[in-house]
Every structure is written in C-alpha cells, then in structure tokens.
Amino acid sequence: MDDHIFTLCLLILAIACALSTFGSSVALHTHHNWATICMTFGSLMLSLFTLIVGYAYLSQEYFNNYVSLGESWGLLTILSLGGFILLGIGTFSFCARFGATAKRIQQLETLAAALSAAKEHQNQQTVPSQNP
Amino acid sequence: MSYLPLLLLFIPLGIGLLFGISGLLAHRGFAFWGTWTMLTSSATFIISAIGLFALSAYLVGNPGYSELIAYITLLLLALSTLGYTVGLNAVCLRSRKLFSQATILEKITQDLATQTSPNQPISPPTQR
C-alpha cells in the first residue's frame, strides 16, 4: 500500500510542478521582474526535484550505484528547499502586486466615472455659451 | 536530542505561512475562486505540517506508530500543494487581463483628466 501512496504523491507533485511552471512562465511573459523570475526558477527546481525522486524511485539502483547517499540527499534538500523558498518569495511579491493592481483598478474606475461626470457637466456649461 | 521533528515542523509551517499570506494578499485585492483555492490549500498545508510534526514527535518516542496516518498526511500535503498551484495558475492567468486593464484605465483616466482641466477646454472656441 505504501508504494501506491508514494507513487500517487509523486504523480500529484509532478502535476503540481507542471502547473506551477506553466503559471509562472505566463506571469514571466506578462511581467518580467525579479518576482516572476524567482517563481520560474523555484518551479523549475521543484520540477527537477520531482524528476530526480521519480527516477530514483523507478530505478532503485540509482542511489546505490551511481550517486552516494549523502550527495543525493544534499542535492534533493537543496532543490526542494530552494525551490519552495524561491517559489514562495516570488509568489508573495507577485500576489502583493496583483492585489495592489486590483485595488488601483477599482480606484481608477471611480476616478474615471467622476471625470466623465465632470466632463459632461463642462460640456453642458459650454454649449449654452456657444449659442446664446 | 533529534532536531528532525522541529525541522519537520518549522520548514513546512514557514512555507505554508508564506503561501497563505500570498493568497491573502491576492484575495484582498480581487477575490475569485483562484484566491479561495489558494487560501484553503495553504490552510490544509499548514494543518498537514502540524500533523506531520505530531506524527514525527510520536515516532521518536514510539517506533510502532501508525503508518497509514503518516501516508494520509503526506497525501494531504501533496494534494494541498496541487490545489495551491491550481489557484496560483488561475491568478497568473487572470493577472494578464488585470494588468492590461490597469494600463488601459490609467491612459483613459489621464486623457479624461487632461480634457477636463480648465486650461485646455474640450469644446471648440466660440466664433465671434
């Protein structure tokens, strides 16, 4: 049963990494700044982590023959922790900017409505002066 | 003393809090299903991290712990990560529309402000 659950966890993580990479690449295409670059790098590191763990899980001899256990765990820790931290910092900044932009849109809509009303008022005042 | 339980608590808890605050910031500006997904997923992530900590603390004291609960906790962590990325993906896709809308609105507002200023009247000059 544990094999099935571990495989399921790996599959879910792989889908999550693919989604995260797609979303961060879309965000990078829209806004090219340090936050989106952090998000993209974090997603790529997590994808690499998932690929390595999946490959090691599928071929059990990987850890025993080719890479020593200490180096593997070090690499996996750096990839997973670094990926999560980079993704978290990038997401934090991106979401803060997203929320601020949404609030600014509301303010701008109010301002545009007020300016439109002022323009209408100005038009109504100007038209009688043209035709006395 | 083993530091593994503390590491297992603080690292996922910190990451979950960072994700939760990010979702909250996005939700305060523009609330839709993506931000709701981000918030619920980060809450699940934090709860799973606390559960994992409790399990690992129990594991140190008692080797004969229930493996099933540990696997369910791991599954919850993976599922909450998936939910968070789905919400983040929705926010990233929505941000394209939102940022372009903000740019257009800024230009419209600037034009309106220029037209309604007293120095530059919008109506043509009166013929004398």
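**A tour of the cavity and the A–B interface**

Select L13(A), A16(A), C17(A), S20(A), L46(A), F84(A), L87(A), F19(B), T81(B), Y84(B) and T85(B): these residues line the largest cavity. On a 1 Å grid over the protein atoms alone, a cavity is a set of points where a 1.4 Å probe fits but cannot get out, and lining residues have an atom within 4 Å of a point. Two or more lining residues come from each of α1 (2-30) and α4 (69-130) of chain A and α3 (67-115) of chain B; helices are DSSP runs (H or I, at least four residues) numbered from the N terminus.

This is a predicted model, in which local features need pLDDT of at least 70 and side-chain atom pairs count only at pLDDT 80 or more, while totals for chains, interfaces and linings use all residues. Residues are numbered from 1 along each chain as its sequence is written, chains are lettered from A and ligands numbered from 1 in the order in which they are written, and side-chain values use heavy atoms, with hydrogens and water left out.

Stay with the cavity and colour α1(A), which gives the most to the lining, 4 residues. The lining holds 8 nonpolar, 3 polar and no charged residues. Here Ala, Val, Leu, Ile, Met, Phe, Trp, Tyr, Cys and Pro count as nonpolar, Asp, Glu, Lys and Arg as charged, and the others, Gly among them, as polar. The space inside is about 90 Å³, a volume being the space filled by probe spheres set on the grid points, which are joined across faces, edges and corners.

Next, show both chains. The contact (heavy atoms within 4.5 Å) takes 51 residues from chain A and 49 residues from chain B. About 4400 Å² is buried between them, 80% of it from carbon and sulfur atoms; buried area is the accessible area (1.4 Å probe) lost by two parts on being put together, summed over both.

Now pick R104(A) and E106(B), whose side chains form a salt bridge at 3.0 Å, N to O. The rule asks for a side-chain nitrogen of Lys or Arg within 4 Å of a carboxyl oxygen of Asp or Glu. Over all chains the count is 1 salt bridge. E106(B) sits in helix α3 of chain B and R104(A) in helix α4 of chain A, so the pair joins two chains.

Terms used
On a 1 Å grid over the protein atoms alone, a cavity is a set of points where a 1.4 Å probe fits but cannot get out, and a pocket is an open set with protein on both sides within 12 Å along at least five of seven lines; lining residues have an atom within 4 Å of a point.
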